[in-house]
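Student: I'd like to go through this structure with you. Can we start with the charged side chains?

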Amino acid sequence: MIIREFYEEGLYAFAGGFACWEDAVLASIEPLVERGMAERGYGKEIIDSVKKYGPYINISELVSIPHAGISPCVHGSGMAMMITREPVDFGEESEFKPRIFFAFCSTEAEAHLERLQQISDFCSQESQLAELLALHSKEELEEYLRRKGEDV
């Protein structure tokens, strides 16, 4: 399902760690930029929103959902996954230090809400998140998908 879609569409990345959360946000949208769904300026919009409203993108101890509102920097709807080896520190304002980033962009508000629901459904199963955190490469992701079959 959702994880398989990330793989098949090339919308995933793996990273070690980041010196600052802003770099993590920019890296998390890079697969969307590479596919022409968003411009790099969209990453700056996300960063500016987090600085203005606080780390609203961190939805749990492990998960961040980098996104901003409808933007001229967005040219399509999509979602990408990035898994980091090291937790990303968002500073004093956030009790969470995520390692899984589900960055998304959309051109319509309805698609925006659908993406949030997909992420929420997937993240509600802690065992799935734990399995994702163990992945550090394309090869490990491929093995995970073979093992899971059509369930992910």
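Student: Is Arg146 buried or exposed?

Tutor: Arg146 is exposed, because its relative accessible area is 58%. Buried means under 20% relative accessible area, exposed means over 50%, and partly exposed is in between (1.4 Å probe, protein chains only). Before we go on, a caution: this is a predicted model, where local features need pLDDT of at least 70, side-chain atom pairs count only at pLDDT 80 or more, and totals for chains, interfaces and linings use all residues. Residues are numbered from 1 along each chain as its sequence is written, and side-chain values use heavy atoms, with hydrogens and water left out.

Student: Which residue does Arg146 form a salt bridge with?

Tutor: Glu143. The closest N and O atoms of the two are 3.3 Å apart. A salt bridge here is a side-chain nitrogen of Lys or Arg within 4 Å of a carboxyl oxygen of Asp or Glu.

Student: Where do Glu143 and Arg146 sit relative to each other in helix 6?

Tutor: They are three residues apart in helix 6, so about one helical turn separates them. Helices are DSSP runs of H or I with at least four residues, strands are runs of E with at least two, and both are numbered from the N terminus. Glu143 is partly exposed, because its relative accessible area is 36%.

Student: How many salt bridges does a search of the whole structure find?

Tutor: Seven. Another one of them pairs Glu34 with Arg35, with the closest N and O atoms 3.5 Å apart. Glu34 counts as exposed because its relative accessible area is 55%. Arg35 has 39% relative accessibility, so Arg35 counts as partly exposed.

Student: What about Lys148? Which side chain does it meet in a salt bridge?

Tutor: The side chain of Glu131, at 3.0 Å from N to O. This pair links distant parts of the chain: Glu131 is in helix 5 (residues 126–133), Lys148 is in helix 6 (residues 138–148), and they are 17 residues apart. The two side chains are also joined by a polar contact of 3.0 Å. A polar contact is a pair of N or O atoms within 3.5 Å; within protein, one must be able to donate a hydrogen and the other to accept it, and residues adjacent in sequence count only if both atoms are side-chain atoms.

Student: Why do Glu131 and Lys148 count as partly exposed?

Tutor: Glu131 has a relative accessible area of 24%, so Glu131 is partly exposed. Lys148 is partly exposed because its relative accessible area is 24%.

Student: Which residues are linked in a network with them?

Tutor: The network of salt bridges links Glu131, Arg147 and Lys148.

Student: And how far is Lys148 from Arg4?

Tutor: Their C-alpha atoms are separated by 9.7 Å. Along the chain, Lys148 and Arg4 are 144 residues apart.

Student: OK, Arg4 then. Where is it, and what does its side chain reach?

Tutor: Arg4 is in helix 1 (residues 2–8). Its side chain reaches the backbone oxygen of Gly149 at 2.3 Å. Arg4 is buried, because its relative accessible area is 15%.

Student: What about Glu5? Which residues gather with it in a patch on the surface?

Tutor: Glu8, Glu9 and Glu150 gather with Glu5 in a surface patch of negative charge. Patch residues have over 30% relative accessible area and no salt bridge, and like charges are joined within 9 Å. Glu5 itself lies in helix 1. Glu5 is partly exposed because its relative accessible area is 36%.

Student: Switching topic: cysteines. Is Cys105 buried or exposed?

Tutor: Cys105 has 0% relative accessibility, so Cys105 counts as buried. Cys105 is found in strand 4 (residues 100–105). From Cys105 to Pro87 is 23 Å in space, C-alpha to C-alpha, and 18 residues in sequence.

Student: And where is Cys20?

Tutor: In the loop between strand 1 (12–15) and helix 2 (21–34). Cys20 counts as partly exposed because its relative accessibility is 27%.

Student: Last one. Where is Leu32 found?

Tutor: In helix 2. Leu32 counts as buried because its relative accessibility is 0%. Leu32 and Gly78 are 46 residues apart along the chain, and 6.9 Å separates their C-alpha atoms.

Methods. Patch = residues over 30% accessible without salt bridge, like charges linked within 9 Å, V, L, I, M, F, W, Y side chains within 5 Å. Areas by Shrake-Rupley, 256 points an atom, 1.4 Å probe, with all protein chains shown as cover. Lys, Arg positive; Asp, Glu negative; His and termini not counted. Charge placed at Lys NZ, Arg CZ, Asp CG, Glu CD.
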